[in-house]
Amino acid sequence: MIRDSRIANDLTAAWPSLPYIALGVWLAWAYLAYSGSMWLSDVETNGANIAGFYIASTVSFAIVMLAAPLKTPFIERLLQSDACALGAGLSASLGCVMVILAGPYYLAVSDLFYPGACLTGVATSFLGLRCARLYAGLVPRKAILYTALSHVVIACVYFVAMGAPQWQPAAGGPSLMGIIALVGLPVVTALLACLPAMVPGKDHAVTTDRKDVPPVFWKMVVAIFVFALVENSVRANIVYVMPPEVTQDTNAVLMIVRIAMAAVLAFMAMLERKIDFGRIYSFVMVAAVVFVAFVPVFGPLNVGWGMSVSAVSVVFEFVIWCILAFVAFQKRISSIVVFGFGYGSFMLGSALGWMGSIYVIPLIAGPSSQFAVYLVLALTVLGCVFVLFSERDFDRLFSPEGDQESLERLFDIEPFHGVDAKKGPFCAIIERACEKYELTSRESDVLRYLAMGYSADAVSEKLGISWNTVRTHSRNIYTKMGVHSRQELIEAVDCMRRESESRRS
């Protein structure tokens, strides 16, 4: 397995965030693919093929995501296999090849287009679940930081791919760099997702029973679905009739917005204040109401106004990914259940929004009655904000149950536990823990690195001892400290740190 190799452990020991940017690479592929930038030819005059690819791929993605929680143990076994992840990456690449070959400059076999698009959706759904599994084990601040980093990666990959030399193997067809990016990024995502995670993770048992999901979670799922449906109804109306180059220019602007948003939220995550995601959620939803309601005033084909709606969607997607990670972490619910229903509903709403805007709304509403249609859409989102899933529901979702900690307490857990295990206040805390729990000298060394978030493989490498020896010392430490997982150990050390700081103050 990749995660057991020395090279993989060395990579993540030097760059702990590396496995988590798999999210950024996967989403970068999605934006490149769904914008048509990497596979369209010069004979395209509108976004009809972009819409076809997007709908087929996202519907397939959503179906797998929503079905996965129904077979959670089976899906969990698949996600634990590196071979499955690599197979998903290669399958997505094959789907991309089929889409490219279906174009007019290669095999021109139109029968390959939709099967290829569906294959990309099915395959990338497994990559998405693999990324979700990683993020569900992160403390909230670290989840925000790594999600922000991933969104910067999205923009960087997008601009590199778009700015590369546009040499075309077939005159008028997609560029060679575009083909390489479209086909290669799913495999890169799979390789990154297979790397061992060497940051603090959630090792305690999680439930796979859907009955353990709080009822208010389902209200949030419906709100996510409605928002995605409305936002994509507006965006599809623009993309479908606009020339592809206009769509690409719009995406470039949105990437700049994405970088700015990631920088702001990453900065907020590094502050010692709790980030009120409930208010951010409400603000984004209200902003969507305003932008959607005024679409008829500025014109449904106004690129600038449609770009504003898409910018709100970028922020919403970021917030929803983080919220789902918080739910899985705090409630100790399988990431397959939380992200399967949560992110699956987002993608299903996105696909249905495109389908409704392109195929349904034109049949039931002419240009004169479009104002009423958009007003209904805006009021629907408004109902989600104040009736279906409000800030109060958000707080209720994260109400601690049993031995669960509140979201506010989870935000108190620092995302990083020092860079030097033998200096400063961190060292003093470790020494106090060793004295309190009567740890041996070697157990003390192991505790230092476990508290910093290193895996057993990394501790073995750092201390020059065997993996089995590290595991033996780890079991002894857990027993003496009365904890059952690395995350609980880290929280115990954090608790000692906070007690020390309170005594000093």
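A residue is called buried here when its relative accessible area is under 20%, exposed when that area is over 50%, and partly exposed in between. With that in mind, welcome to a predicted model, shown in a set of close-up views.

View 1. The secondary structure comes to 22 helices and zero strands. Of the 505 residues in the protein, 57% are buried. If we take the contacts between residues at least 6 apart in sequence, 83% of them join residues at least 24 apart.

**View 2. Helix H19 is mostly covered.** Helix H19 runs over residues 441–451, and eight of its 11 residues are buried. The buried ones are Glu-443, Ser-444, Val-446, Leu-447, Arg-448, Tyr-449, Leu-450 and Ala-451. After the helix comes Gly-453, whose phi is positive, near 100 degrees.

View 3. Arg-442 pairs with Asp-445 in a salt bridge, with 3.5 Å between the closest N and O atoms. These two are three residues apart in H19, so about one helical turn separates them. Arg-442 is partly exposed, since its relative accessible area is 32%, and Asp-445 is partly exposed too, at 22%. Glu-443 makes a salt bridge with Lys-480, and here the closest N and O atoms are 2.9 Å apart. This pair links distant parts of the chain, because Glu-443 sits in H19 while Lys-480 belongs to helix H21 (residues 467–481), 37 residues away. Glu-443 counts as buried because its relative accessibility is 4%, whereas Lys-480, at 35%, counts as partly exposed.

View 4. The whole structure holds seven salt bridges, and one of them brings together the side chains of Glu-391 and Arg-279, at 4.0 Å from N to O. Glu-391 lies in helix H16 (residues 391–397) and Arg-279 in helix H11, so the pair ties together parts that are 112 residues apart in sequence. Glu-391 has a relative accessibility of 31% and therefore counts as partly exposed. Arg-279 reaches 57%, so this residue counts as exposed.

View 5. Val-286, Val-290, Phe-294, Phe-386 and Val-387 make a nonpolar surface patch of about 480 Å². Helix H11 (277–293) and helix H15 (370–388) are the elements that give two or more residues to this patch. Val-286 is a residue of H11, and with 34% relative accessibility it counts as partly exposed.

**View 6. Nonpolar residues gather inside the protein.** In soluble globular proteins, nonpolar side chains tend to be buried together. The largest nonpolar core in this model has 130 residues, and Ile-144, Phe-217, Phe-277 and Tyr-343 have the most contacts inside it. Helix H13 (residues 303–331) supplies the largest share of this core, 15 residues. A second, separate core has 26 residues, among them Ala-456, Ile-477, Tyr-478 and Leu-489.

**View 7. Ile-144 and the residues around it.** Which residues does Ile-144 contact, leaving aside its neighbours within four places in sequence? The partners are Leu-265, Ala-269, Ile-275, Phe-277, Phe-318, Cys-322, Phe-326 and Phe-411.

**View 8. Two cysteines without a disulfide.** A disulfide is a covalent bond between the sulfur atoms of two cysteines. How many disulfides does the count come to? The count is zero. Cys-84 is in no disulfide, and its nearest cysteine sulfur, that of Cys-194, is 9.1 Å away. For the sulfur of Cys-194, the closest cysteine sulfur is in Cys-84, and the 9.1 Å between them is too far for a bond. A pair would have to come within 2.5 Å to count as a disulfide. Cys-84 is partly exposed, with a relative accessible area of 21%, whereas Cys-194 counts as buried, at 1% relative accessibility.

Technical notes
Residues numbered from 1 in each chain as written. Predicted model: local features only at pLDDT ≥ 70, side-chain atom pairs only at ≥ 80, totals over all residues. Heavy atoms only, no water. Patch = residues over 30% accessible without salt bridge, like charges linked within 9 Å, V, L, I, M, F, W, Y side chains within 5 Å. Areas by Shrake-Rupley, 256 points an atom, 1.4 Å probe, with all protein chains shown as cover. Helix = DSSP H or I, 4+ residues; strand = E, 2+ residues; numbered from the N terminus. Buried < 20%, exposed > 50% of the residue type's maximum accessible area, 1.4 Å probe, protein only. Core = buried A, V, L, I, M, F, W, Y, C linked by side-chain atoms within 4.5 Å. Contact = heavy atoms within 4.5 Å.
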